[in-house]
Amino acid sequence: MKQTFFTVGPSQLYPTIPGHIKNALQENIFSLSHRSKRFSEIYKETATNLRQLLNIPATHHIFFTSCALEGMERTIQNTVEKKSFHFVNGSFSREFWQIAVDLKKDVERFDGPNDEGFDFANAKIPKNTELICVVQNETSIGVAIPMEEIYQLKTENPQALIAIDVVSSIPYITIDFSLIDITIFSVQKGFGLPAGLGVLIVNEKALEKASLLAKKNSNIGSYHNFPKLLEFEKKFQTRETPNVGTIYLLGKVTEDMLAYGIETIRNETENKVKLIYDFFENYKKYQPYVKDPYRSKTTIVIDVNGESEKIVKKLAEKGYIVSQGYGKRKDMHMRIANFPSLSIQQVKNFLKQFST
Ligand SMILES: *Cc1c(COP(=O)(O)O)cnc(C)c1O
């Protein structure tokens, strides 16, 4: 049976992926040396396309990691000597906080509700905070923080660096990089790629902080510390043998997205999500979980009254794969992805499954 993945990650592959994998095999991309000229061309092409698609300025560097969690760990190691501050409302923001705890930092956290945004005005961020961490789209509960609220945090705390996790909102979300020091994501969600590749976008200020910490003999890690990542990025290389295949595919998919138009992708995302929320707003049995205006446009959480196992099974029988709730909310929630790989028609067909 044909299956469509409305799962929030890994998710439906971008429609052009099969063709690109075929070409990659023909071009022997999977056997390519990461010290070859061809690999450097691929790194450069992928970074150039990402820059154009997401409007990343020259002040920011593009590094490849193995996943988003690695991006979180590298960020803490390289920018925090003592104090980081974390906004926590779900499992991934808790993970970011936990990484800082495990790295023995002096960690502060401000907890938020799991069905709406944070009361940022009441978060007392100490003046000696070196890094503020925000998961912009908390995939576990479907809460999205408006970028304006994050920019305001930065404006009010200019001494601190700010790191955002946009794993499940990129490339839909628009980022003003002049107000964000570090951006973390991986590619198996919104980009519709196979898992196993992370992207870390880091500005000069964060790189300077890493060099300063290294000078102070603080532990900034080894092969993927910021100075090492920078040294290799200059040659369009990586220190380790990277996921060459997925870096290649990311370059191709971003090229396709550029041709299709990022504004078209963003408009379609909004049109599709409106169909989904409107449908469940008017559906007696199951309701959207998150309160507006904090509802995610890319990962939708529906409160299904503890029936998620039954629903997920029934949908799977029709070829529609969705996610159950995360962690302790497994039975309570159904989570639906609205990533660029899914068309309006696929969303309409999916919603029809509930009326019957
Ligand atoms: C999936 C997810 C992660 C973890 O990504 P990995 O690539 O598995 O490390 C982190 N943050 C958010 C918000 C996510 O949705």
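Predicted model: local features only at pLDDT ≥ 70, side-chain atom pairs only at ≥ 80, totals over all residues.

**A walk through the model**

Let's start with β14, which pairs with strand β15, residues 333-337, in the antiparallel sense over two bridges.

Okay, over to another set of strands. Have a look at β5, residues 131-135. Five of its five residues are buried, so β5 is largely enclosed by the rest of the structure. L131, C133 and V135 point one way, I132 and V134 point the other way, and all are buried.

Who does β5 pair with? With β3 there are three bridges, in the parallel sense, and S84 has L131 in β5 as its bridge partner. Then β5 is joined to β8 by five bridges, parallel again, and there C133 stands opposite A163.

well, just follow it. A163 also stands opposite I182 in β9. Strand β8, residues 161-165, and β9 run parallel, with three bridges joining them. And then β9 goes on to β10, residues 198-203: five bridges there, but this time antiparallel. F185 has V199 as its bridge partner in β10.

So, β9 itself: buried or exposed? Mostly covered, with five of its five residues, 182-186, buried. Both faces are covered, too: I182, I184 and S186 sit on one side, T183 and F185 on the other, and all are buried.

Now the bit I guess you've been waiting for, the ligand.

From D165, a polar side-chain atom lies 2.6 Å from a nitrogen atom of the ligand. From S186, a polar side-chain atom is 2.8 Å from an oxygen atom of the ligand. And K189 has a side-chain N or O atom 2.6 Å from a ligand oxygen. How much of the ligand does the protein cover? On its own the ligand has 390 Å² of accessible area, and the protein covers 88% of that.

Two single residues next. N89 is in the loop between β3 (83-88) and α4 (91-102). Why do I call N89 buried? Because its relative accessibility is 7%, and the cut-off for buried is under 20%. Leaving out neighbours within four places in sequence, N89 is in contact with G112, P113, N114, F118, E138, I141 and V143.

The other one is A144, in strand β7, residues 143-144. A144 also counts as buried, at 13% relative accessibility. What I like here is Y294: A144 and Y294 are 150 residues apart in sequence, yet 5.2 Å apart in space, C-alpha to C-alpha. Not counting residues up to four places away in sequence, A144 touches Q136, N137, Y294, R295 and S296.

Most residues other than glycine have a negative phi, and most peptide bonds are trans. Here are some exceptions. The peptide bond from G9 to P10 is cis, omega near -10°, and P10 is in the loop between β1 (4-5) and α1 (17-26). D292 and P293 are also joined by a cis bond, with omega about 5°; P293 is in the loop between β11 and β12 (299-303).

For positive phi, there's N28, near 55°, in the loop between α1 and α2 (37-54). And there's K104, at about 65°, in the loop between α4 and β4 (106-111). K104 is exposed, with a relative accessible area of 73%.

That's my tour, happy to take questions.

Definitions and conventions. Residues numbered from 1 in each chain as written. Heavy atoms only, no water. Polar contact = N/O pair within 3.5 Å; in protein donor to acceptor, adjacent residues only side chain to side chain. Areas by Shrake-Rupley, 256 points an atom, 1.4 Å probe, with all protein chains shown as cover. Buried < 20%, exposed > 50% of the residue type's maximum accessible area, 1.4 Å probe, protein only. Helix = DSSP H or I, 4+ residues; strand = E, 2+ residues; numbered from the N terminus. Pairing = 2+ DSSP bridges. Contact = heavy atoms within 4.5 Å.
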